[in-house]
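The following paragraphs lead the reader through a protein structure, from a single residue to the sheets and then to the domains.

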Amino acid sequence: MHGAPGTTKWSQLSFQQDVGAAAPAFGSAFSAGIKAVNGSALRDMLRMAQVPGMVNFGGGLPAPELFPMDRIAQASAQALEKHGWRAVQYGTTEGFLPLREWLAEHTCPGAAGVTPEHIQIMTGGQQSLDLVGKIFIDPGDTVLVETPTYMGAVQSFVPYRPHFAAVPTDDHGIEMDALEALLADLAREGRTPKFIYTIPNFQNPTGRTLSLERRERLLDLTAQYGVFVVEDDPYGQLRFSGEHLPSLAELMLRRTGGDPDRSHVVYCSSFSKTLAPGLRDAWVMAARPITERLVLAKQGADMHTPTLNQMIVTELLPLLPQQVDKLRHSYADRAGHMLAALERELPAGVSYTTPQGGMFLWLTLPEHVNTTAMLPRAVERQVAYMIGECFHALGGGHNTMRLCFSTASPQDIDRGIAALAQTIHAEL
Ligand code: PMP
């Protein structure tokens, strides 16, 4: 290759000259799947958060001052000391066994039928959604999502080219009569949705919780119509008022006599909101035919979740109850402070949810107000929020917004809500 007689030098190859002449046809190169993804709202939010003085209720980050930094440092050292080179060697795709054993025991306490084979460790809950999409969705399949729903889930599913069908929700989560009517309509058209994606606890974005009675009915309806349930539960531990409700997965295990292999619920949760999101440690609990497919999907995605991170999380498990308690107290205070400010400042005609946990609440403004158009005017007053439209898989929600209370100080909450109220007043 280096100038030997009769060989062509790289520099003489014509494609080398072409590369310099014109940019590749990027637009036509990308798949229809990725071209369908719209990620701009998130990017805009991240940019806005960096402006000094801005009160940003738009992000969805856990409170950084509550990360257990000393314990994470200690756990990292312990993990390395205990496991040596194994902590940085390739690991199994299923995940670190002691962590899976713990999760098998604790995800649905008392369900003895759950074994590590029903637990798949994931690189963040976001990967769980991507790989669930990868194993279930063929192009053109129907996927049911709540209205509104977590935009990151829509972003994960879109590249697999589903048709979304939107299920209405009210203060108690999915409206079951509407879901039943939708399932019946789809059945008449010969369509069985692959799954329904739902966040039953302190939903992102609304902060609402699915009532117990509706949980049971959701299991009835989905079993009747042969629809899987993807239960996304990253906030379930962060309840700060009201009674704990069993997860859909837990209720389903009661119905199957504790046999996870007869459950049609795919349960996803994460350590992102209870320990720290940068550790990227999450899990799926599901029937073995599902976890076996997830293993194949994950092999092609990232082989396994970083071994050291899984070991660190395992070392931190004894700390979890105390850490979750700390988060609950802090988020209860911040939510209470934000609710009091909303009550004090907001004009009539604006309604908001009262979450019993999690990190978010949801505002609905009068019909004629467009929160996307209003955002620059709010930013001028140094407050940002997440526009409601981006949580609607099929459009709508122009007069809604999500507010995140987990990171703001009481002073910032007061200043930010006062600025938001002024902005809304000016629109009315
Ligand atoms: N699901 C929901 C409902 C979320 O709100 C989030 C994070 N915002 C995720 C999944 C993904 O979380 P992670 O990848 O950090 O576990």
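A residue is called buried if 20 or more other C-beta atoms lie within 10 Å of its own, and exposed if 12 or fewer do. The model discussed here is a predicted one, and this cut-off can be applied to it directly. Ser269 has 26 C-beta neighbours inside 10 Å, and it therefore counts as buried. This serine belongs to strand 8, which covers residues 265–270. Which residues does Ser269 touch, apart from those up to four places away in sequence? Its contacts are Gly125, Asp233, Pro234, Gly236, Ala282 and Trp283.

Strands of a sheet pair through backbone hydrogen bonds, either parallel or antiparallel. Here 8 strands make up an open sheet with mixed pairing, and their order is 2-9-8-7-6-3-4-5. At the edges stand strand 2 (119–122) and strand 5 (173–174), each of which pairs on one side only.

Further along this order, strand 6 (residues 195–198) pairs with strand 7 (residues 228–232) in the parallel sense, over 4 bridges. Within this pair, Phe195 stands opposite Phe228 of strand 7. Which way do the residues of strand 6 point? Phe195 and Tyr197 point one way, whereas Ile196 and Thr198 point the other way, and all are buried.

Strand 6 also pairs with strand 3, again in the parallel sense, through 3 bridges. Phe195 in strand 6 is the bridge partner of Val143, and Tyr197 in strand 6 stands opposite Val145. Strand 3 itself spans residues 142–147; 5 of its 6 residues are buried, so the strand is largely enclosed by the rest of the structure.

Strand 3 pairs with strand 4 (residues 163–170) as well, in the parallel sense and over 6 bridges. Thr142 has His163 of strand 4 as its bridge partner. Strand 4 also contains Pro168. Is Pro168 buried or exposed? Because 12 other C-beta atoms lie within 10 Å of it, Pro168 is exposed. Leaving aside residues up to four places away in sequence, Pro168 touches Thr147, Glu175 and Ala178.

Strand 11 and strand 14 (residues 400–404) run antiparallel and are joined by 5 bridges. Leu361 stands opposite Leu403 of strand 14.

Helix 5 (residues 69–83) packs against helix 13 (residues 307–316) at an angle of about 115 degrees, and their axes are 8 Å apart. Their crossing is right-handed. From helix 5, Arg71, Ile72, Ala75, Ser76, Gln78, Ala79 and His83 take part; from helix 13, they meet Leu308, Met311, Ile312, Glu315 and Leu316. By class, this contact comprises 7 nonpolar, 3 polar and 2 charged residues.

How is the protein divided into domains? Domain 1 consists of 41–68 + 322–427, and domain 2 consists of 69–318. Between their C-alpha centres the distance is 26 Å. The contact of the two domains takes 30 residues from domain 1 and 32 residues from domain 2. On the side of domain 1 that touches domain 2, helix 14 (320–345) and strand 11 (360–364) each supply at least two residues. The largest share of that side, 7 residues, comes from helix 14. In terms of class, the residues on that side of domain 1 are 18 nonpolar, 10 polar and 2 charged.

Notes. Residues numbered from 1 in each chain as written. Predicted model: local features only at pLDDT ≥ 70, side-chain atom pairs only at ≥ 80, totals over all residues. Domains from an automatic or database assignment. Contact = placed C-beta atoms within 7 Å. Nonpolar A, V, L, I, M, F, W, Y, C, P; charged D, E, K, R; others polar. Axes fitted to C-alpha atoms, helices over the stretch in contact; angles between N-to-C directions. Left-handed = near helix turned anticlockwise from the far one by under 90°. Pairing = 2+ DSSP bridges.
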